[in-house]
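Please examine the sequence and the model shown below. The paragraphs that follow lead through its charged pairs, its strand pairing and its nonpolar core.

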Amino acid sequence: MEQQGARVVADLGRELAAASPQAGGALWRLAESGRGLDANLLRLPPGRTIDEHTDLALDVLLIVLEGSGELRTESGSQDLRPVTALWLPKGSRRALAAGVEGMGYLSVHRRRPGLTIGTPPRDEGGEEACLLGRVCPECGRLATERSARFCWNCGSALGA
């Protein structure tokens, strides 16, 4: 039975073809209101990596659509090629490296709740550095690069 409102939301092949092969980060993201999933089309430029990290909150399904790369985990490395599907369970340590032609992939996971910001403790003193523009409003990750425009984890646009 088809759900009401079901529809095509993107042509991922067209999105990949329209972007420069050197373009990195999010090329497309699912932005439908009321969704329970986040989905992002990402490209890792040739030779670039996503450093080792652990997501303690979410399982992630990653599907390689173009190019090649390598998944690095605590148990070793695995080559990645188009139409390879990876399950990255929460709590697993992983890193990604793009091959010589780069790697385009789709990342899908349960939607994270919005970021909440609390008041810093008064007893620490000093003025905090303002990194709000580098905190992802969707998943709360801090962008490591000062010039980042999109979240490396979920693909959401970062604030100014």
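A salt bridge is counted here when a side-chain nitrogen of Lys or Arg lies within 4 Å of a carboxyl oxygen of Asp or Glu. The model is a predicted one, in which local features need pLDDT of at least 70, side-chain atom pairs count only at pLDDT 80 or more, and totals for chains, interfaces and linings use all residues. Residues are numbered from 1 along each chain as its sequence is written, and side-chain values use heavy atoms, with hydrogens and water left out.

The structure holds five salt bridges. One of them joins the side chains of Arg72 and Glu70, with an N to O distance of 2.7 Å.

Strands (E, at least two residues) and helices (H or I, at least four) are DSSP runs numbered from the N terminus. At 37% relative accessibility, Arg93 counts as partly exposed; Glu52, at 48%, is partly exposed. The side chains of Asp38 and Arg35 also meet in a salt bridge, at 2.9 Å from N to O, and both of these residues are buried.

Which strands pair with strand 7? Strand 2, strand 3 and strand 4 are among them. Two strands are said to pair if DSSP finds at least two bridges between them. Strand 2 and strand 7 are antiparallel and share eight bridges; here Leu42 has Tyr105 of strand 7 as its bridge partner. Strand 3 is joined to strand 7 by four bridges, again in the antiparallel sense, and His53 stands opposite Arg94 in strand 7. Between strand 4 and strand 7, which run antiparallel, there are eleven bridges.

Strand 7 is mostly covered, with 13 of its 18 residues buried. His109 is located in this strand and is classed as buried because its relative accessible area is 3%. Contact means heavy atoms within 4.5 Å. Leaving aside neighbours within four places in sequence, His109 contacts residues including Leu37, Asp38, Val60 and Cys154.

The nonpolar core is defined as a set of buried Ala, Val, Leu, Ile, Met, Phe, Trp, Tyr and Cys residues joined through side-chain atoms within 4.5 Å. The largest such core has 15 residues, of which Leu44, Leu62, Leu80, Leu96, Met103 and Tyr105 touch the most other members. Two or more residues come from each of strand 2 (37-44), strand 4 (60-73), strand 6 (85-88) and strand 7 (93-110). Not counting residues up to four places away in sequence, Leu80 touches Leu86, Leu96 and Met103, among others.

The loop between strand 5 (76-80) and strand 6 contains Val83. Phi of Val83 is near 65°, a positive value in a residue other than glycine. Val83 counts as exposed because its relative accessibility is 72%.

Note on methods: Buried < 20%, exposed > 50% of the residue type's maximum accessible area, 1.4 Å probe, protein only.
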